[in-house]
Amino acid sequence: MPEPRLRRVVGYGAAVGLALLMVAPFLWMLSTALMDEFEVYQAPPPLLPASPRFANFTEALTALPFGIYFRNSLLLAAATVTGQVVTAAMAGYSFARHRFAGRTPLFAVYLGTLMIPGIALLVPRFLIVDAMGLVDTVAGLVSVELVAAWGIFLMRQYFLSLPRDMEDAARLDGASEWQVFSGVALPLARPALATVALFAFIDSWKSLLWPLIIARSPNLRVVEAGVASFHGMYYANWPWQMAAAVAALVPVLIVFVVAQKAFLRGLAFGGFK
Amino acid sequence: MTRAHRHAALAVALLWGVASAGVAWRTLRAVDHAARSQEALAAARQSKGRVPVPAWPAGLNARAAAAVRGEETPLVVRGTVGTLVTAPVKDADDWDIIGAVAMPARAGERLVGVLFPVALGVLVVAAAVLAGARWRAWTERRITAVQATASAAAVLWVTGRIAAAATALAPAATPPADAARLALAPPSLGFATLLLSLLATGGLLAQWGIRWHAANAERPARVRETVGAWAFIAPSLAHLVVFTIAPVGFLLWISVHDWDLLASDRPFVGLAHFRELGADSLFWRALRNGLVYALYVPATMVAALGTALVLDQPLRGIKILRVVVFLPYVASTVAIALVWQWLLHRDFGLLNAALVAMHLPRIDWLGNPATALPALMLVSAWGQLGYMMVVYLAGLQAIPASLLEAARLDGANAWQRFRLVVWPMLRPVSTYLLLTGIIWSFHGFTLVYVMTEGGPAHATDVLVYRIYQTAWEFRRFDVAAAMSVVLCGLLLALTALQWRVVKGEPADA
């Protein structure tokens, strides 16, 4: 019967076609990044560079101090990841395991903060950071995203799904609460920690609005803001712009490809994110 | 209630009393200084700016000095250093600030300024001591009540006095208003209230903790667990209070006050900013643009469901294709904005090249008000498709194969199987995607910022971009706050709807 075979071919064709459609802008970005500055200005644009010009990357990335921007972005990402992972693990563990006075109302408060759209708090957060004197400082840049309520919920759910036998055994052996947490519970929660860390990294890498308003001086700029201002300065030089865009993409794509599994787990958790 | 608990409670009450007195004292002193500076200003006015300012008085507020040395905008005109009060001196046209006068506060009134808060402090402390002494006789509930009443009384008294002073100081119409208003500004009533309420809340919470500890003194395990748990939670709680909970209250507060970075007074203006928004056609434009823009969400969902169906096949290498489709979702948004701007370029863009090849006219995608917003929607759809596809894929794979098989045996064709089995099973996923997608669509900033800057002719102006411009380009934080309140209300309503829907679904959904 030829029908299943035909269906397979059509199905394959559709899947590959869709994937190509989705990846085409990236390929076009890469192709343009290797073209000559004036090569791109042709009425039917050339799909591939006549001869790849890798110098675009070095030129574009030195036209503005992208080294500093990458340092700042990594700094922001490192602080965000560390802050979110540590606080989510601690608070999530406590909400899942401890029975303590005030837990129910406190949990309701955490739940409530999930509902508040962070974007609407831009003005008061900025003015608070301003009042602390942290505008245009690294501390101000990293301050607002150090804790993520959704990460706390993810960790709580994960800890609830783990058996508590080992923790109880450790307690009977005389381990302190901190030892039980860091020595027994945390190692078991590694997959969830990876998910929190990954989302924290990607979100912080993609964030533009907060860095834009909080970092005035150029040496506090993050990559996203750097590429955006590069776009304004070298408006006509598309190969350079595309080279800068490719450079901005690389770290986050590497992290994603390496840690896909943790990512899909986070999406499955969905509900809160 | 042990002795130690009583002492702790007393200490908290004392601390609270002293701190409240401190706040009250600072506030009242500022009121008095405002009165001084009004006198100075009147003197300056009468002399029509011919008051000689031979030398800059020593120790003057540096920002005031900068203001007078010819900056375009005077920053702070009323400044106080120690007991000195400064006020601006304007030129004969009552326009430019050409100098400043400083005068010492009067000694007698300084004394009054000290006496009032001291009396207040004594009063509070006495109440606390009284409460502590009669601790045993009263129930704990009553003690809390006494302290709460005392806090409320203190807050009311201070704010009442500030309000009275503010009325007394209310300036006659003094155009051009800026400098004069700065000089006459009575300290904000709201800020003192806020500070005192925070203090009172802190005091009450501490008392509550002490009481709880006393009640549980016989259950050390419970006390240990509670203290431990709060220690685990403290870091995130502190952050949430400072950067999420407090900002909510602060946002509401700003939205009903004048907030000018240059002015030191922040008078209550009621709903004036909201009325201003209501009359602002650009605000309505942004709101409407946001709603139109959100339409990309259902459109993308349809495409994502189709993609998920295609990628649900058990084919070799399909996993790699899924990852590829997902890539735009994790990619840097600025990079996406750049490459799409290039793809949509009017003269050399790939999209228009394709149109020309098909003998269609070029479209100035981002330059034409009619197509700019749809173009952004296209980019957003491309960026979100992968995410929605993955969620749909998970939904598809959760459908039991036996169900589809049963439908097949009943003679249902592919379309019927989709319509009668797959689609109803995916309903919860679809609702979730729709609502969260719309909520997220209102967060979109990067594409607008990089690709269109809200243009052309405000065709792509959305609320977040307006908030950004209003606050950080036009420096109208108060109006931006009012806009944020509207946005917040809108998104809260959507979130509430989403949570209700999630709750309403069966547990296995």
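Okay, let's start with chain B: among its contacts with a separation of 6 or more, 70% are between residues 24 or more positions apart. Keep in mind that what you're looking at is a predicted model. Chain B has 509 residues, and 40% of them count as buried. As for secondary structure, we get 19 helices and 3 strands in chain B.

Let's zoom in on one residue there, B:Leu433. You'll find B:Leu433 in helix H16 of chain B, which covers residues 414-441. Is B:Leu433 buried or exposed? There are 24 other C-beta atoms within 10 Å, and the cut-off for buried is 20 or more, so B:Leu433 is buried. And what does B:Leu433 touch, if we skip its neighbours within four places in sequence? That would be B:Met301, B:Met388 and B:Val391. There's also B:Tyr392, 41 residues away from B:Leu433 along the chain, with 9.0 Å between the two C-alpha atoms.

Now, how do the chains meet? Chain A puts 73 residues into the contact and chain B puts in 74. On the chain A side, the largest share comes from helix H1, residues 3-33, with 14 residues. Sorted by class, that side of chain A has 56 nonpolar residues, 12 polar and 5 charged.

Last stop, helix H5 of chain A, residues 122-131. Here 7 of the 10 residues are buried, so H5 of chain A is largely enclosed by the rest of the structure. The buried ones include A:Leu122, A:Pro124, A:Arg125 and A:Phe126. After H5 of chain A comes A:Gly133, and its phi is positive, near 75°.

How values were computed. Residues are numbered from 1 along each chain as its sequence is written. Chains are lettered from A and ligands numbered from 1 in the order in which they are written. This is a predicted model: local features need pLDDT of at least 70, side-chain atom pairs count only at pLDDT 80 or more; totals for chains, interfaces and linings use all residues. Helices (H or I, at least four residues) and strands (E, at least two) are DSSP runs, numbered from the N terminus. A residue is buried if 20 or more other C-beta atoms lie within 10 Å of its own, exposed if 12 or fewer, and partly exposed in between; C-beta atoms are placed from the backbone. Two residues are in contact if their C-beta atoms, placed from the backbone, lie within 7 Å. Ala, Val, Leu, Ile, Met, Phe, Trp, Tyr, Cys and Pro count as nonpolar, Asp, Glu, Lys and Arg as charged, and the others, Gly among them, as polar.
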